[in-house]
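Colleague: I'd like to learn how to read a model like this one. Could you walk me through it, one feature at a time?

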Amino acid sequence: MESRSLVNFSGHQYLRQRLVLSILTGKHVRIDKIRSEDKDPGLRDYEVSLLRLLEKVTNGSVIEISVTGTAVLLKPGVVSGGPITHDCPLSRSIGYFLEPLIMIAPFSKKPFQLTLRGITTDDNDLSVDLIRTVTLPHLQLFGISDGLELRIKRRGAPPEGGGEVQFLCPIVKEVKTLNFVDPGKIKRIRGIAHAVRVNPQFSNRMIDASRSVLNRFIPDIYLYSDVYKGDESGKSPGYALSLLAESTTSAIHCSEAASTPGENPEDIALLATRALLSEIRHGGCVDRKHQSLVLLMMVLGSEDIGQCRMGEPSVRTIQFLRDIKIFFGSVFNITPADPTDSSNTELLYSCLGTGYVNVNRSLA
Amino acid sequence: METQTHKPHRPAQSGSKADKKGKGKQKTGFNEKAFAPKSGRRADRQARRNVERDEARLHVPLVNRTPDDEPPPVIIAIVGPPGVGKTTLLKSLVRRYAKQTLSEAKGPITVVAGKKRRLTFIECYSDLNSMIDIGKVADLVLLMLDGSFGFEMETFEFLNILQAHGFPKVIGILTHLDLIKKQATLRATKKLLKRRFWNEIYQGAKLFYLSGVLNGRYPDTEILNLSRFISVMKFRPLIFRNTHPYLLADRIEDLTSREEIRTSKGRCDRTVTLYGYLRGTNLRQSTKVHIPGVGDMTIKAVTNLGDPCPLPDADSEKRRKLSEKKKLLVHAPMSDVGGVMYDKDAVWINVPGNFTRGATDVPHGEGERMVIDLQDVDETLEETVARSNIRLFGSSSNPLTIDTRHHDGVVSYSDDDDEEEEGEGEDASEGDSEFEEGEDDFSEDEQANEGSGKDDEQARTNPSNTGRHTLRTVVRSTPGFSSKEKEGGEVAFADSDSELGLSDDEGRGRAGEIMYADDEKQISSDDKEEFDEDDEDDVPAWKIGLAAKASAAFEDLNRRKRRKDWVAMIYSSSLGPEQIVNGANATGVKPDEIDDDFFRVNSSSAANQDDLDMTKEVLSPGALREWEDEGVLDALRTLFITGDHGDGEADQETNVLKNPEGGDFVDLEARTAQPAPTEFEGLDAGTRALVEGYRPGTYVRIELASVPCEFIEHFDPRYPIIVGGLLAAEERMGYLQVRIKRHRWFARTLKTNDPLIFSLGWRRFQSVPIYSLDDHSIRMRMLKYTPEHMHCYASFYGPVALPNTGFCAFNALSGETAAFRVSATGVVLDIDRSTKIVKKLKLTGVPFKIFKNTAFIRDMFTSALEVAKFEGASIRTVSGIRGQVKKALNKPEGAFRATFEDKVLMSDIIFLRAWYSIQPRKFYNPVTSLLLSDKSSWCGMRLTGQIRRDEGLKTPLAVNSTYKPIERPARRFNALKVPKKLQAALPYASKPKLMKPQSKQTYMQKRAVVLEPEEKKAIALLQQIRALRKDQVARRREKQQERKEAHRKKVQKDEAKDAEKEKEKKKVYMRAAGMKSKREADIEEGRSRKRRKT
């Protein structure tokens, strides 16, 4: 009984998904050789911060970090949820911390009321806008909807941050099986252009630039200009544009681009817009950035066959599928979505759900 | 004599009576007015009751995971107290279905009962462990009751176990009814038992009556009736079984090498295979399993076997002869069917006294056929091996030669030393079959690779003996196997072969050859190896002709598989994710680096960022520049609803657009329009098992490693072996909070920290619970004992079970006690890694100095540090004056200053009420009953009292615990003294009014009384009258006494007479009763003799 399966990994990559899978399955995980060859070996501050955060949201977790910081052992406890506040380091944005927690949150004991402070938008991770407008609707596909909310209290641009979001997530007993094979046609495009501590005109400039490309496709385009002022606008100047395209079957594709020093808003807007177009061209019912989330929820679904049509897996997704096999023993059947059309690269991912039940949910 | 004629009755032709009889009201038999509600309120109440009753009948719909086309056999458990006729019923039922009489019915027995129904019968030995395990898997319980005795404790215990683990269907069966001679008694007994049975199960539960035993079986007609009831029985899915894969093992085999057992003197851990039909949900190879009575195991391998007891299909029905001689299919490896019995390490063949080979008209049993087949062999294994040219590698020039005979695996026959002359032949045939199997494997692999649906003809020569050819696992050496892939399971995935092939030169050459054939393919060598996993590892001579065919097939295959085979690349290649996405040869090249210098800065930073774990991909303006081209932009138009689309579905979607308000609803409809598939079809068996696991209804072999040797050594087929699959969460340990209620029939109360045996999920284990109750929703307060007639909470350490799982608990499992053994039942509420149970702790102290509202308290704490910890805590006196701990004092260690809302007295006791949190002990002790030689003698942790009793120790007597008479010195209170000065100042009403008793006599007391003469006379007269009256009464009483005496004598006389009569009567009755009881004893003896016989 006690010789519970310990899962071993090497390398610092894919740390988040492995920690998440470990917490969901309860399997102990040991990750070693974390940047052991690097000139600055061991865990980075944001990774340690993530581990701290995971310790906060769980009860009874044991996290052991080796002296050099190049190995981590996680003995996961019970996801407890409840009101939690966490200050994210400025090296990564809030998205880095929120993404794994979104995977865990529906399976906690008490509904999540998580407050995160730090950078709200940057180039590496999903911005809070995308999480609110794209990631959370993806969870709704699985029946996690009532009370699911992300409130953006303050925005914080890099490098100083100062943003704050509140993530509210209900708990579920089990997630629904997904059957999402019709990508539909894009019916509307929405976007949020925000600018903090810069000229509010910047967001309008971004909107105009983006519209110049998108207007040809569809008339139903609303790009909101979201300007935060004063205390709510964080400590650093910055602006970004996040776009999403929704199809007739509610498939959402998204993209975004954040400001970098020396770039004008029009370039940023074009970058985001073109990224959205390539995302749309990539096809499928699920955006590439959310493949892992959707695949995980499919595995956690009831013991029926779930299927979803997506584009080709990204690098992260491939590793995620492998990790899922290690933790859950679940294997996806991946077949061409349209076997007759050889130019179509879309794939149909299907798997038998594991019938995952939220054991943490209390009846008392 | 003339017979008297009576006047016939003439019914009334008119009047009220004629009206009553003639009219149709009574004919219909239902007078709707009679049941009509008299008032509106009543009507309302009636309607509400009806609705409630209907609602109570409803259940949450539950998806039935059992496949409809080929469901696993229904498990029918035969349960009852010893001697009630379980084995007789089992044999009768098996005879009904299989037309065979079993001489020994042990273990599960599977028979075919209909087109879509197979039944597995299992007899439950009346031991509590078996009853618990059977209760968790049985779909239908035949609950046997001794009609001549009535209900026994086991029956009620079993019903309670069933209730805790989801109630399967129950049919009651009353036996021994022939022992009740009198018809009236029989009727009364039936009625009584039926009523009790209905109370236990539900009103109207089916109860069968079986009369006597004929030829060691119950009457055929009664069994036929019972079997009809069984055949129409419908089953509701039970939640727990619908979420867990499980298997009732009908055969067990020890695969450990004999040598290892010999060297370790049988004490080594064993490798065991268990066979059975899968039930519940799909079983995955990664699932951990629990075998109740043994423990948690990891599955080493699962193999899908041919169904040993297949459902009849059109083909088999055609072949079947209708003659009664043809025995029907029965699968009971643990019993003696057809002369073959599978034991843990041997196969026993019972051959009747004589049989002739030539006599084909006489049907042979399975065992006989085996022996006859063995005699058919005309060459030995040695000869066969010598003839075959197995080459180790494709390049080896010489075939393998064998000098010495060697057996790998377990040849189960070889134990049998009686049949020495047959030994040679046996080995030969064994070797043969083994050989064929190898061949089989190869061809299967090959077929899988080619993707052709060609079927191999030589699959099984002996279909009736399906399980046997898998006695040994063919362990192929896999040098190229990475450890990770080994973990992945033993489903023969092609990559191992290809890697194997690469390890030798020949194979590589061949791979190159194939690469040539499809040079236009972009995904290069590594990738291709996924497809061309082929037969290049040790190609035997007999396969060489296939090479050309195979390569032709590959070309075909590759042409078809233009796209990447994602499943193979992701799950069974050693390529990194980047290599898969970018193609294997584009390893280090970043698309950015091709761009011009302007973007160099960015790309170098991107290379740096690549290291990061990030969700978004780096946006490279260079790669996105293609969107500046109008053509590219326009090409995307088709993906928008506004774009033009050639196909018909476009219209449908524009329709969708027309209704933007109802958009969501339409979307939903569109998504659900195409239903999800219910199973993975078109996949080869290996991939399918990998993707969806093994489906319920299939007959599988599960191999388990490191099983305790006692499991094999003390194996007894009478005890069921259940392999229960565990969910991911159930492998973990934690604190469980459960709602528990002591069973009202359990005689004792349950005490906190006394060990209790739980049956929860698949598991049976002992743990130490702490009982608690919610105290005003503020805290969970510990209880010393479970409350009466009430639920309480219990927290204990143990394996996690899903919330809402029912359980039952026992204090002991042994059958020695006559009392009811189910001590509690309940349901799991919560799982956590810590508990929040507190118990009350009162610290007391006494004041040693009192100021106005301040007092110094001592004897509560022992040090200033302790005081510091409790600063600000609220305290109280017994009389209810509240206060607060202020600060520690210097002088007496542990004393402190406290303030109160009023002045306290020196005599007051001050106390501090605190809550001390306690954790249940981390004690978990699985009930390993199947590992014992005597299965019912499992003994877990004992109570201190039991240990003392067993060891003969005396209870130590602490001096402080003895009861002594309590001495309470009488408290003397000083009189209240009001100073004179104050007294004087007080108003009169408040002045203390202290008075001395009167010392002088009053006038009334001291006056003298003298009578007048008339008065004297009157008094004298009154005295005389009284004296006369007294005398009269005395005389009257005397007379009455005399009368009474006479009457008493008379009565005594009568009583004596009556007693005499009574005595005579009793004598007669007792004589009759004695004879009757003697008769009954004789009958009883006869019955017990009969029982022993069965």
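Colleague: Which domains does the domain assignment give for chain A?

Modeller: Keep in mind that this is a predicted model. In chain A, the assignment gives domain 1 (1-77), domain 2 (80-172), domain 3 (186-282) and domain 4 (287-352).

Colleague: What separates the centres of domain 1 and domain 2 of chain A?

Modeller: Taken over C-alpha atoms, the centres of domain 1 of chain A and domain 2 of chain A are 21 Å apart. Their contact takes 15 residues from domain 1 of chain A and 16 residues from domain 2 of chain A. On the domain 1 side, α1 (15-25), α2 (45-57) and β3 (58-59) of chain A each supply at least two residues, and α2(A) gives the most, with seven residues. Sorted by class, that side of domain 1 has eight nonpolar, three polar and four charged residues.

Colleague: Now the fold as a whole. How many helices and strands are there in chain A?

Modeller: Chain A has eight helices and 18 strands. For its overall dimensions, the C-alpha trace spans about 65 × 50 × 50 Å along its principal axes.

Colleague: What does the radius of gyration of chain A agree with?

Modeller: The idea is to compare it with the value for a compact globule. With 364 residues, such a globule would have a radius of gyration near 21 Å, and chain A agrees because it has 20 Å. Buried residues make up 62% of chain A. Sequence separation is another thing to look at: among contacts in chain A between residues at least 6 apart in sequence, 72% join residues at least 24 apart.

Colleague: Which residues have the most contacts inside the largest nonpolar core?

Modeller: They are I104(A), A77(B), V79(B) and V94(B), in a core of 268 residues. From chain A, helix α6 (residues 265-282) gives the most to this core, with nine residues. Look at V79(B) too: beyond its neighbours within four places in sequence, its contacts include C124(B), M131(B), V141(B) and F158(B). Another core, of 14 residues, lies apart from the largest one, and V867(B), I875(B), F896(B) and I910(B) are among its members.

Colleague: And between the chains, how many residues of chain B are in contact with chain A?

Modeller: 70 residues of chain B are in contact with 71 residues of chain A. Elements of chain B that each supply at least two residues to its side include α26 (649-658), α27 (663-672) and β24 (822-832). By class, the chain B side has 36 nonpolar, 16 polar and 18 charged residues.

How values were computed. Residues numbered from 1 in each chain as written. Chains lettered and ligands numbered in written order. Predicted model: local features only at pLDDT ≥ 70, side-chain atom pairs only at ≥ 80, totals over all residues. Helix = DSSP H or I, 4+ residues; strand = E, 2+ residues; numbered from the N terminus. Rg over C-alpha atoms; globule rule 2.2 N^0.38 Å. Buried ≥ 20, exposed ≤ 12 C-beta atoms within 10 Å, placed from the backbone. Contact = placed C-beta atoms within 7 Å. Core = buried A, V, L, I, M, F, W, Y, C linked by C-beta atoms within 7 Å. Domains from an automatic or database assignment. Nonpolar A, V, L, I, M, F, W, Y, C, P; charged D, E, K, R; others polar.
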